[in-house]
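Thanks, everyone. I'll walk through some helix packing, then the chain contact, then a few loop residues. Here is the model.

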Amino acid sequence: MRIFRNLIQALKGLGRNKANVFLMTLGVAVGIASLTVIVAIGEGTRAKVLDRIAGFGFGPESFSLYAGSGRLFFRKAQMPTNLSFQDLEDIASLPTVRHAMPRQRKRLIAVYRKNSTSTRIYGVTPVWQTIRAWPITDGKFFDARDMDRKNKAAVLGATPIKNLFPDGEDPLGKSVRIGNVFFKVVGVLEKKGLTESGYDPDNRVLIPISTSVARLTHEAHLHSIKVQAMSPEVVEETMEATRRILRRNHNLSSIAADDFRFVTPTGIMEWVTEQKQAMNRMLILISTVSLLVGGIVIMNIMLVSIRERIHEIGVRRCFGARRLDITQQFLFESVFVSMLGGIVGTVLGVVVSLILKRTDMIPVQITWEPFVLAGIFSGAVGLVFGIQPARKAANWSPEETIR
Amino acid sequence: MSLIHLEDVKKSYSNIGMVTQVLKGVTLKISEGEYVAIIGPSGAGKSTLMAIMGCLGRPTSGSYYLDGEPVDRMNDKQLSRIRNEKIGFVFQAFHLLAGVSAFDNVYLPLVYCQTPPADARIRVREILEKVGLGERMSHSPGKLSGGEQQRVTIARALINQPKIILADEPTGNLDSKNGAEIMEIFDRLNAEGNTIILITHDPKVAARAHRTIHIIDGLIEKDEINENFPEPDPGAERTRA
């Protein structure tokens with residue numbers, strides 16, 4: 001087949017022009033590498049958010065209510081203090097609400113003898129265990145009595161257990177200092193393990209919220225309220241009722257924005273989708289620019305290259321090469337070089353992504369899409385930007401090129 | 001029937017509005033098996049005539065029949081096939097591909113025809129051995145002497161068993177010893193029945209051909225038979241312009 005012969009001639013031609021091949025490959029490789037890294041970061045961010053949602057322990061009938069205006073996990077004001085136990089009571093008394101669980105949250109150092117660890121302290125009610133359905137491996141969850149008496153009882157996650165009792169000592173009944181208060185360990189949570197993005201759900205300590213208010217935070221406001229509705233169908237209705245209660249309790253005028261925010265699985269999914277779309281737009285822009293640059297590099301070097309090889313083209317024409325043969329040969333050269341750049345770029349991009357993943361700076365996830373994209377785009381770049389030089393080479397008359 | 005038949009061929013080039021007429025009406029017939037020298041001073045139109053005869057360019061007007069086919073009306077695809085199958089070029093400047101082995105240089109015309117690769121390789125090897133380069137097939141032109149390079153170009157010209165060998169100043173870049181060797185190859189090829197057209201400005205080279213065509217200022221001035229030359233095959237018809 002004639003086309004295969006031209007392909008072979010193209011490969012041999014590239015072998016004789018290694019410096020040009022190197023420069024053209026580099027031009028495309030940089031573009032493809034950036035594309036690969038951006039896709040990996042995009043996927044990584046998405047994965048992180050998704051397993052954040054999974055780790056949230058939401059059912060379709062639940063939603064969370066956070067103090068402070070803003071959206072989802074992003075709070076506008078620092079340390080809002082407007083979510084109160086009154087709000088909790090009012091929400092809990094709604095007919096569509098099964099459970100309403102208050103939460104205080106604080107990051108503190110926990111100490112046992114010579115070992116210490118930084119961990120998240122959650123003040124919650126015993127309902128927590130019902131809502132989260134998180135098994136206890138040892139001991140028991142604190143109960144209503146502990147709540148009433150503001151007992152200094154703590155349920156520890158697997159990470160503080162590991163850090164405070166490294167020798168495998170039985171933690172139950174031991175006295176752990178959290179902040180300036182000594183708590184008795186009453187239960188141990190089952191280990192869940194790190195999520196893919198590196199979030200550690202086990203790094204937590206649960207204490208009765210009454211104890212938290214009275215002895216640890218000395219604050220009367222809540223970090224958030226978790227609401228479980230009677231059924232998924234009434235979630236929407238319950239959220240509306242909750243909004244009305246809170247706006248009334250907080251004395252918000254009709255033009256004021258909410259000073260609280262809802263977090264729901266659907267809200268998170270919508271947000272992820274929006275983020276992904278924004279990311280995709282940016283991705284398309286950046287990769288277009290970088291591939292354009294790569295393509296222009298190819299075109300320029302090919303134009304210089306055919307000038308240098310005008311003599312070769314003339315000789316080929318003298319001995320029977322058609323215009324189409326010359327076009328094919330040079331088009332194969334540019335497509336091949338471009339795809340080589342695609343491969344080099346993908347490898348480069350994967351290496352950079354892995355380095356980013358290892359240094360833990362940015363969530364990164366490598367998927368198969370960039371490989372396919374790199375293949376398609378690099379081939380297309382070579383074709384689009386190679387056609388003009390190739391046709392130019394073919395259109396020289398053999399009589400003139402041989403002079 | 002003539003192998004080459006040019007009828008009132010004119011060729012002009014235009015450059016920034018200035019039209020230069022290089023060939024001003026050349027009528028010429030060359031039969032199969034002839035050994036023709038085209039001689040003339042530089043600028044007389046020798047190379048243009050060769051380009052037209054070699055199907056590298058088309059005449060501005062006039063007609064050209066090669067082996068009975070009207071070349072002046074052919075498209076690029078057909079012309080390329082003619083160049084590939086019927087014409088073997090030998091150039092003064094060799095025009096070998098730099099950095100490519102002698103073997104691959106000779107192989108070049110076979111890239112553009114239907115010869116199966118296995119046969120092609122055998123043929124290339126045979127022809128290189130025939131021109132005395134059997135030992136140097138893998139050398140690139142840079143590692144060959146001028147005489148060896150010219151022998152590679154001759155091998156390349158012959159590889160497709162063309163009807164015509166067109167040689168443009170084949171000894172122009174060679175010393176007298178190598179030049180003589182190359183001319184001997186041409187003599188032998190003609191004796192074997194090949195049609196050879198030499199373009200030269202050297203009367204000594206022209207004297208080896210059996211027919212000399214003098215070109216001056218774009219026109220054939222004189223077309224003569226070299227008396228000393230033994231008549232080749234008696235059947236060959238020869239027509240004068």
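Start with helix 9 (residues 265-308) of chain A and helix 12 (residues 369-395) of chain A: their axes come within 9 Å and cross at roughly 30 degrees. Axes here are lines fitted to C-alpha atoms, for helices over the stretch in contact, and angles run from 0 to 180 degrees between N-to-C directions. The angle makes helix 9 of chain A roughly parallel to helix 12 of chain A. The cut-offs: under 35 degrees is roughly parallel, over 145 roughly antiparallel, 65 to 115 roughly perpendicular, and the rest oblique. Helices (H or I, at least four residues) and strands (E, at least two) are DSSP runs, numbered from the N terminus.

Two notes on provenance. This is a predicted model: local features need pLDDT of at least 70, side-chain atom pairs count only at pLDDT 80 or more, and totals for chains, interfaces and linings use all residues. Residues are numbered from 1 along each chain as its sequence is written, while chains are lettered from A and ligands numbered from 1 in the order in which they are written.

Back to the pair. Helix 9 of chain A passes helix 12 of chain A in a right-handed crossing. Handedness is left if the near helix is turned anticlockwise from the far one by less than a right angle, and right if clockwise. Who makes the contact? From helix 9 of chain A, the residues include Leu291(A), Gly294(A), Gly295(A) and Ile298(A). From helix 12 of chain A, they include Phe377(A), Gly382(A), Gly386(A) and Lys392(A). Contact means C-beta atoms, placed from the backbone, within 7 Å. By class, this contact has 13 nonpolar, five polar and one charged residues. Ala, Val, Leu, Ile, Met, Phe, Trp, Tyr, Cys and Pro count as nonpolar, Asp, Glu, Lys and Arg as charged, and the others, Gly among them, as polar.

Now chain B. Helix 3 and helix 4 (residues 117-130) of chain B have axes that come within 10 Å and cross at roughly 125 degrees. These two helices are therefore oblique to each other. Their crossing is right-handed. Ala102(B), Phe103(B), Val106(B), Tyr107(B) and Leu110(B) in helix 3 meet Ala120(B), Val124(B), Ile127(B) and Leu128(B) in helix 4.

Next, the interface. 18 residues of chain B are in contact with 18 residues of chain A. Which helix of chain B gives the most? Helix 2 of chain B does, with six residues. On that side of chain B there are nine nonpolar, five polar and four charged residues.

Zoom out on chain A. The chain is divided into domain 1 (2-52 + 270-401) and domain 2 (59-263), with bounds from an automatic or database domain assignment. The C-alpha centres of the two lie 52 Å apart.

Last, the loops. Most residues other than glycine have a negative phi. Lys150(A) has phi near 50 degrees, a positive value. Lys150(A) sits in the loop between helix 5 (144-148) and strand 7 (153-156) of chain A. Glu169(B) has a positive phi too, near 45 degrees. Buried or exposed? Glu169(B) counts as buried, because there are 20 C-beta neighbours inside 10 Å. Lys150(A), with 16, counts as partly exposed. The rule: 20 or more other C-beta atoms within 10 Å is buried, 12 or fewer exposed, in between partly exposed, with C-beta atoms placed from the backbone.

Terms used
Two residues are in contact if their C-beta atoms, placed from the backbone, lie within 7 Å.
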